[in-house]
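Subject: Structure for your review

Dear colleague,

Please find below the structure that I am handing over to you.

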Amino acid sequence: MTKVGVFGASGRMGATVCEMVVNDPDLELVAAVDPHHAGLDLRQAIGLDVPGLMMSANTDGLAETGVEVMVDFTVIQAAKQNLRWCAENGVHAVVGTTGFDADDYAELGKRFSKSNCFIAPNFAIGAVLMMRFAELAAPYFETAEIIELHHDQKVDAPSGTAMMTAERMAAASDDWAKDPTKKEVAKGARGGKGPAGIRVHSVRLRGLVAHQEVLLGTTGQSLSIRHDSYDRSSFMPGVALAVKAVADHPGVTVGLDALLDL
Ligand code: NAP
C-alpha cells in the first residue's frame, strides 16, 4: 500500500483525488492539507469517511505520517512551496496544478534529488491523445488556433494544456503562416500569442469543466480536434497511474505521455 497525501484536499480536484485514493485498494490516504479547512475531519470538510484523519493547515507533522507520495492540486505559488517541502523531505510529488513554466521545471530538476516529481497539466487520457494528434497534424497545416474552455472559477489563463499543445505543435513544425490582422478593434480579439505564434483563446463559462479544441487549416480544408472533460473523475485514472509510477521515474517528468505507450 502506498501512503498518499493531498495538498489542496478540500479543493475541487483535491477532494476528488482524496476520494480516488480512499477507493483504491493499493493506496492509503494518510494526509490532507488545506489551510482554510484545517482542524476539520474529512467528513466535515469534503464528506469523506476516513476515521481519524483531520485536515491540516500546513506541512507541520506531515513527515511523521510516513507519506510516500504527495499529490498537489492547488495554486501555483502554494504548489511551488509544497514541492520544496517534498524535495527536502524525500517525498515523491504528483502535480496537477497548472502555471509552471520552463524555468520552474528547471528549478524543480535541481531540487528533486532524494525523490521524484511528476507533473502533468492534464491527467485525462483523451486530452493527452488530443495533444498527440495535434502534434502529428501540425506539419500538414500552416494555420492553427487553440480554443480552451473552462469553468468560471479557473484563475490562470491560458490553461497548461493549451500551452503544452501549442509548444508541441511548434516543435513539430516551423512552417506557420503570419497572422494577417492589421487592426484589432477589441483588444485581445485574436487571443494570446503562444509558441510559434499559435493563437490561444481562453473561454471561461459557468457550467463547463475542461474542454479544448485545436483547429488546423490549410488550402480548402480544416481539421478540428476536440476533447471534453465533463467531470473531474476524468482525471483520476491518470492521477492514480502517476501516483503508482512516480517512484520509478527519477527526477522530474512532465506529461502523462511518459507513462503511456503512445
Ligand atoms: P480549487 O478548487 O480552487 O482548489 C485549490 C485548493 O488549493 C483550494 O482548496 C485551496 O484552499 C487550496 N490551497 C491553496 N493554497 C494551499 C496551500 N498552501 N496548501 C494546500 N492547499 C492550498 O481549484 P481546482 O479546480 O481544484 O484546481 C486546482 C489546480 O489544478 C489548478 O491549478 C487547476 O488548473 C489544476 N487542474 C489540473 C488538472 C490536470 O489534469 N492537471 C485538472 C483540473 C485542474 P482555499 O480555497 O481554502 O484557499
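The notes that follow cover the domains, the nonpolar cores, the ligand and a few single residues. Please bear in mind that this is a predicted model.

Domains

The protein is divided into two parts: domain 1 (2-119 + 232-259) and domain 2 (125-229). Between the C-alpha centres of domain 1 and domain 2 the distance is 29 Å. Where the two meet, domain 1 supplies 10 residues to the contact and domain 2 supplies 11 residues.

Nonpolar cores

The largest nonpolar core holds 55 residues. Within this core, the residues that touch the most other members are V17, V71, V94, F118, F123, M169 and V239. Helix α7 (residues 236-245) provides the largest share of the core, with six residues. Both domains take part, since at least three residues of this core come from each of domain 1 (2-119 + 232-259) and domain 2 (125-229).

Leaving out residues up to four places away in sequence, M169 touches A134, E135, A138, A144, I146, W176, I198, V214 and L216. Another core, of 20 residues, lies apart from the largest one; M70, A79, L83 and F100 are among its members.

Ligand

There are 22 residues around the ligand, and those that come nearest are M13, D34, H36, T98 and F123. For H36, a polar side-chain atom lies 2.6 Å from an oxygen atom of the ligand. For T98, an N or O atom in the side chain is 2.7 Å from a ligand oxygen atom. For F123, a polar backbone atom is 2.8 Å from an oxygen atom of the ligand. The ligand taken alone exposes 920 Å², of which the protein buries 79%.

T253 sits in strand β12 (residues 252-254). T253 counts as buried because its relative accessible area is 12%, under the 20% limit for that class. Apart from neighbours within four places in sequence, T253 is in contact with C117, F118, I119 and A258.

P139 belongs to the loop between α5 (125-137) and β7 (143-150). With a relative accessible area of 44%, P139 is partly exposed. P139 touches A172 and S173, when residues up to four places away in sequence are not counted. P139 and V185 are 46 residues apart along the chain, and their C-alpha atoms are separated by 31 Å.

L205 is placed in the loop between β9 (199-204) and β10 (210-218). L205 counts as partly exposed, at 44% relative accessibility. H150, H151 and D152 are touched by L205, again not counting residues up to four places away in sequence.

Yours sincerely

Technical notes:
Residues are numbered from 1 along each chain as its sequence is written. This is a predicted model: local features need pLDDT of at least 70, side-chain atom pairs count only at pLDDT 80 or more; totals for chains, interfaces and linings use all residues. Side-chain values use heavy atoms; hydrogens and water are left out. A nonpolar core is a set of buried Ala, Val, Leu, Ile, Met, Phe, Trp, Tyr and Cys residues joined through side-chain atoms within 4.5 Å. Buried means under 20% relative accessible area, exposed over 50%, partly exposed in between (1.4 Å probe, protein chains only). Helices (H or I, at least four residues) and strands (E, at least two) are DSSP runs, numbered from the N terminus. Domain bounds come from an automatic or database domain assignment. Contact means heavy atoms within 4.5 Å. A residue is near a molecule or strand if one of its heavy atoms lies within 4 Å of it. A polar contact is a pair of N or O atoms within 3.5 Å; within protein, one must be able to donate a hydrogen and the other to accept it, and residues adjacent in sequence count only if both atoms are side-chain atoms. Accessible areas come from the Shrake-Rupley method with a 1.4 Å probe; for residues, only the protein chains shown count as cover.
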